Amino acid sequence: MHLVLFNSINLITNKKNQMVSKKIEKALNDQIALEAYASFLYLSMASWCDQQGLEGTSKFMHRQSTEELSHMMRIFHYLSEIDGHAISPAIKQAPLTYKSVRELLTQVYKHEQKVTTSIHKLVNLCNKENDYTTLHFLQWYIDEQREEEALMRGILDRIKLIGNGPQSLYFIDKELEKINQAQAAMEAAEADAGA
Ligand code: FEO
């Protein structure tokens with residue numbers, strides 16, 4: 001009986017002394033929502049590409065969508081681990097149609113820049129709140145955003161080189177297919193190295 005009472009008090013105390021501040025908890029939940037939206041936005045883009053017969057680009061966007069979901073889940077689990085309340089976010093409807101594949105990929109790049117800004121703001125907040133644990137956790141996201149922005153810049157540069165010739169859409173799609181395959185091979189190699 002006393003043990004049960006002690007455990008209940010302990011649980012309440014743990015919640016009051018939770019490791020994460022309310023400000024960081026909210027910012028991490030906002031980041032969860034942003035990553036989730038990225039996943040659904042990229043999924044919508046994959047579907048549009050599929051409708052246009054851009055199979056390579058569709059596969060690339062599907063991969064990006066799945067990656068964003070894993071980014072969301074990484075924060076979700078982290079927040080639970082530090083006694084925060086991870087919130088499953090409401091997702092607003094992503095656009096269903098795009099003017100062109102160039103415009104679509106430019107939007108991806110812009111969205112990645114937005115995510116980077118948000119991660120950097122979170123890092124600033126961690127510094128203000130002296131939350132070095134979350135600061136350390138966010139290092140992975142800083143590296144990931146640098147890689148993703150570089151990837152998208154590279155893609156936009158190649159699209160510029162391909163130009164607007166009659167078969168440009170075909171070549172853009174082939175290029176995206178190649179990039180997708182290279183990413184899949186890289187992930188498989190990383191998984192093997194970690195096994
Ligand atoms: Fe998880 Fe590419 O932002």
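In this predicted model, helix α5 passes helix α6 in a right-handed crossing. The axes of the two helices come within 10 Å and cross at roughly 150°. An angle over 145 degrees counts as roughly antiparallel, so α5 is roughly antiparallel to α6. On the α5 side, the contact is made by I155, R158, I159 and I162. On the α6 side, the residues are S168, F171, I172, E175 and I179.

I159 lies in helix α5. Leaving aside residues within four places in sequence, I159 is in contact with R102, L105 and I172. I172 belongs to the α6 side of the helix contact described above. K178 is 19 residues from I159 along the chain, and the C-alpha atoms of these two residues are separated by 13 Å.

The chain contains 6 helices and 0 strands. Read from the N terminus, its elements run α-α-α-α-α-α. The radius of gyration is 20 Å, well over the 16 Å that the globule rule gives for 195 residues, so the chain is more spread out than a compact globule. Along the principal axes, the C-alpha atoms fill a box of roughly 80 × 40 × 35 Å. Buried residues make up 26% of the 195 residues. Of the contacts between residues at least 6 apart in sequence, 77% join residues at least 24 apart.

Helix α2 takes part in two further pairs. The axes of α2 and α3 come within 8 Å and cross at roughly 165°. That makes α2 roughly antiparallel to α3, and the crossing of these two helices is left-handed. The axes of α2 and α4 come within 11 Å and cross at roughly 170°, and α2 and α4 are therefore roughly antiparallel to each other. The α2 residues in the contact with α4 are K23, I24, A27, Q31, L34, A38, L41, M45 and C49. From α4 come V101, L104, H111, V115, S118, L122, L125, C126 and E129.

Nonpolar side chains tend to be buried together in soluble globular proteins. In this model, the largest nonpolar core has 34 residues, and M45 and C49 have the most contacts inside it. Which elements give two or more residues to this core? They are α2 (22–51), α3 (55–81), α4 (101–129), α5 (132–162) and α6 (168–194). The largest share, 14 residues, comes from α2. Apart from its neighbours within four places in sequence, C49 is in contact with L54, T57, S58, M61 and V101. V101 is also one of the α4 residues in the contact between α2 and α4.

The loops between helices remain. D83 is found in the loop between α3 and α4. Its phi is near 70°, a positive value in a residue other than glycine. With 13 C-beta neighbours inside 10 Å, D83 counts as partly exposed. G84 is found in the loop between α3 and α4 as well. With 22 C-beta neighbours inside 10 Å, G84 counts as buried. G84 and N29 are 55 residues apart in sequence, and their C-alpha atoms are 9.5 Å apart in space.

How many C-beta neighbours does N130 have inside 10 Å? N130 has 8 and so counts as exposed, since the limit for an exposed residue is 12 or fewer.

Terms used:
Residues are numbered from 1 along each chain as its sequence is written. A nonpolar core is a set of buried Ala, Val, Leu, Ile, Met, Phe, Trp, Tyr and Cys residues joined through C-beta atoms within 7 Å. A residue is buried if 20 or more other C-beta atoms lie within 10 Å of its own, exposed if 12 or fewer, and partly exposed in between; C-beta atoms are placed from the backbone. Helices (H or I, at least four residues) and strands (E, at least two) are DSSP runs, numbered from the N terminus. Two residues are in contact if their C-beta atoms, placed from the backbone, lie within 7 Å. The radius of gyration is taken over C-alpha atoms; the globule rule is 2.2 Å times the number of residues to the power 0.38. Axes are lines fitted to C-alpha atoms, for helices over the stretch in contact, and angles run from 0 to 180 degrees between N-to-C directions. Angles under 35 degrees count as roughly parallel, over 145 as roughly antiparallel, 65 to 115 as roughly perpendicular and the rest as oblique. A crossing is left-handed if the near helix is turned anticlockwise from the far one by less than a right angle, and right-handed if clockwise.
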